[in-house]
Amino acid sequence: MNSNWQIEVAETPSRRQLLIVDDSEAERALMTFALEEAFPDADVRSAADPLLAKAICEAEGFDCVLTDYNMPEMNGVMLAVELRATRAYLPIILMTSVGDETLAAEALRGGITDYLPKSRMSAESLRRSVDRSIQACSQARLIDEQREELENFAYALAHDFKQPIRQITTFVELISAEVLGEASATIRQHLTFLSTAASRLGKLVDVMSQYTLLNQPPDLADVDLSRVLASVRGSLAPYINERGAEVASPVHAPIVRGNETLMTQVLQNLVMNGLHYNRSSVPRVDLTAYKDAEHWIIAVRDNGFGIEPEYLADIFKPLVRLHTASEFPGSGLGLTLARKAVLAQHGDIWCESTPGRGSVFYVRMLAAHDGQQQLKTRSRRDAPRPRRSQLPISKDPR
Amino acid sequence: MSNNLAIPDRERIDAAERELQAFSYIVSHDLAASFRQVAGFSQLLLSEFGDDLTSRQQTHACHIRTATDKCQSMLEQLLVLSRVQQKVLSVQCLDATAIAQLAEFRLSAEIRAAGAEVSIVALGEVLADPHLLAQAFDSLLDNAIKFRVAGVAPRIVIQGTQDADFWRLRISDNGPGVEPAYRDKAFGMFQRLNSEDAYAGVGAGLAICRRIARRHGGDARFVDSDDGACVELALPRAPILQ
C-alpha cells in the first residue's frame, strides 16, 4: 500500500479523450489537426469505420465523439443511437457536410448532442461545441439522477411507509372505537388528537402514491367523465356533507382522451381545493364542460375567497401555500399534482380568479374520438365557440 | 452555429430541485409532526391512563408505538439522505486514514460488543468533503460490524488502491456476504435483504454511501472478495462535483 499518493489538483481537468469517426482519411486528418489545436492536452483518436468506433466506445470511455454523417454501413445518427444504448450520457457531435438544417434537427432528436457544419469547422468552433456538449451531457445526467432520487424518495414514502402507517391508523381506530364511549373527557381528547394525526399520515401517503403514479407515462384511453365525477363525488361525500357544501356537475359529462385514475385525481384535487379554501356559508363548486375545437374544457368554479392576481402564476408550483397551515391545513401539493397529472395526459390547466368571489380552474383535454363521442359532439355543434356554453347542470340531490 | 444544442436548460434543473425540496419539506415538517403527535398521544394514553385501558387496548397502543418508532427511524434516514443530497460540498485534501480511524473510534462501543477486529491499512489522501466521507465510513463500518456470521468474531479490513481516475477505498469483512444478484438492490433505500429481526436498522446505510460517492462523481458498489462482503467507495481523483 502506497501512502504517499500524488494529489492531483482538482482545478486541472483530466486529459480529454476525443474520438473522431469519419470514413474519409483527409477529413480525419483535418479534424484531428483542428481538435489538437483546440485542445492541446487532449488525446485525439480516430476511426474510419462506425462499427469499429462502436467497439472502441464500448471498451473505453470517451469524453466526446465527433462523427461524420455519410458513412458506409451506418450513418452518423444511427451510430449515435447505437452508442447511446451503452453510454447514455456520451456527448456526440455530428459533423455535417451538407449543412442541412432538417438533417441536423432530426439528428438532435436522434440523440446527437450538437452538430457542426464542416464548412464552419475551426479550432474555436470545435472547442466551443465540445465543451458545451460535455456540459450538456453532464447536466442531463444530473437531471436524470435527481429525478431518480426524487422518485425513490416518493416511492419510499408511498410504499415503505404505507404498511406501518396503515397499522397505526388501524390500531388508532380500534382503540378509539373501544374506548370512546366510556372514556373520560381527557382520554377522549387524546384519542381525537391521535386520530387527527393518524388520518393526516394517511393523507400524506396518498399524496406520495399519487406522485409516484405520475412518474410513469400513463396509459391513455377514452375516459367517461361521468364515471369520474361519480367517483369523485363518492369519495368526497363525507367532506361535502361535513361542510354542508354543494357540488354541481353536468348530467352528460364529456368523454375525453386521458387516464381515468389521473382524471379522478385531478378533478378530486380541484373540487377539494375549491371547497377547502372557502369561507362561504354554503361552499359551492360548479363543474361545467364546453367544447373547444378538438378539446373539451372542463371548468371547475368555486365561490371561495379567490386568489390575488400576483399569486396566480405560482399556485401550481410545489408548496405554494397561500394560507397558514393551521388556518387551512393542506399538503400544499394538491395543485402541483393536478398540474403534473394533466400534463402527463397531454392536457393543459390554468386558473382565473376574482379575489373575494372565487376561482375557476380550467382543464383542457383532448376529446375522445370514438363513434359515440362523435355523435355527442355533433349534437352540440350549435354551441358557440370559444364562448362557454353551459351544459345542463344537475343540482346535487343531497 | 451551436445554438440548437440539446441542452437541458437551467429552468428544468431548478424545477427538479424545487420539486425535490418541496417533498423534503413535507417529509421534514408534516410527516415528522404527525408521527411525533401519534407517538406522544399513544405514549400519554399508556402512561397516564394505562390503568383505565383493558390489556387488549394497551396492546393496541403498544402496536401504535412500535409502528410509529419504525416510521420515525425511516424518516430520520430519509432526511439524512436528503441532507447528503443538498449539502454544499466542501472538497478538501483529506487523510483518509484519519477519517477511517475516527469512524473506528466513534463505533468503538459496537466494535467491542461484537468482539470485532478492525485493521486500517494506510489509505493515503483523497479529495472529498470531510463530513460526507466520515459519514460514509461510519455507515460502512457499522454495516460490516452488524452483518456478521453468528459465533464468528468480525474481522474488518479498510484499505485503499488507486488507478488513473479513482481512489478506491474498500471495506471488507468476514460476514455472510451478499450474493451478486442482490448486490445492486442492496444499495436501494430501505432495501433489506434479510428479515427484520435478523439485523437491526432500516436499510439506509448503503443508499446513503452511494449518494455520497455519486455526489463526488464516484460510486459505491460491492466488489468480489474471498470472504464476506467488500464495499468499494470509488472517489474520482479529479472530482466532478454533483
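Q: Of the 242 residues of chain B, what percentage count as buried?
A: Buried means under 20% relative accessible area, exposed over 50%, and partly exposed in between, with a 1.4 Å probe and protein chains only; by that rule, 50% of the 242 residues of chain B count as buried. This is a predicted model, in which local features need pLDDT of at least 70 and side-chain atom pairs count only at pLDDT 80 or more, while totals for chains, interfaces and linings use all residues. Residues are numbered from 1 along each chain as its sequence is written, chains are lettered from A and ligands numbered from 1 in the order in which they are written, and side-chain values use heavy atoms, with hydrogens and water left out.

Q: How many helices and strands are there in chain B?
A: Helices (H or I, at least four residues) and strands (E, at least two) are DSSP runs, numbered from the N terminus. Chain B has 6 helices and 7 strands, and along its sequence they follow the pattern α-α-β-α-α-β-β-α-β-β-α-β-β.

Q: Where does helix H8 of chain A bend?
A: The bend at a residue is the angle between axes fitted to the seven residues ending there and the seven starting there. Helix H8 of chain A, residues 225–243, bends by about 60° at A:Leu236, and a proline, A:Pro238, follows within four residues. After H8(A) comes A:Gly244, whose phi is positive, near 60°.

Q: Which residues of H8(A) are buried, and what do they pack against?
A: An α-helix has 3.6 residues a turn, so residues three or four places apart point the same way. In H8(A) the buried residues include A:Leu225, A:Val228, A:Leu229, A:Val232 and A:Leu236. Contact means heavy atoms within 4.5 Å, and among the elements that the buried residues of H8(A) pack against are strand E6 (221–224), helix H9 (260–276) and strand E10 (295–302) of chain A.

Q: Why does A:Ala154 count as buried?
A: A:Ala154, which is found in helix H5 (residues 123–160) of chain A, counts as buried because its relative accessibility is 0%. Leaving aside residues up to four places away in sequence, A:Ala154 touches A:Met208, A:Tyr211 and A:Thr212.
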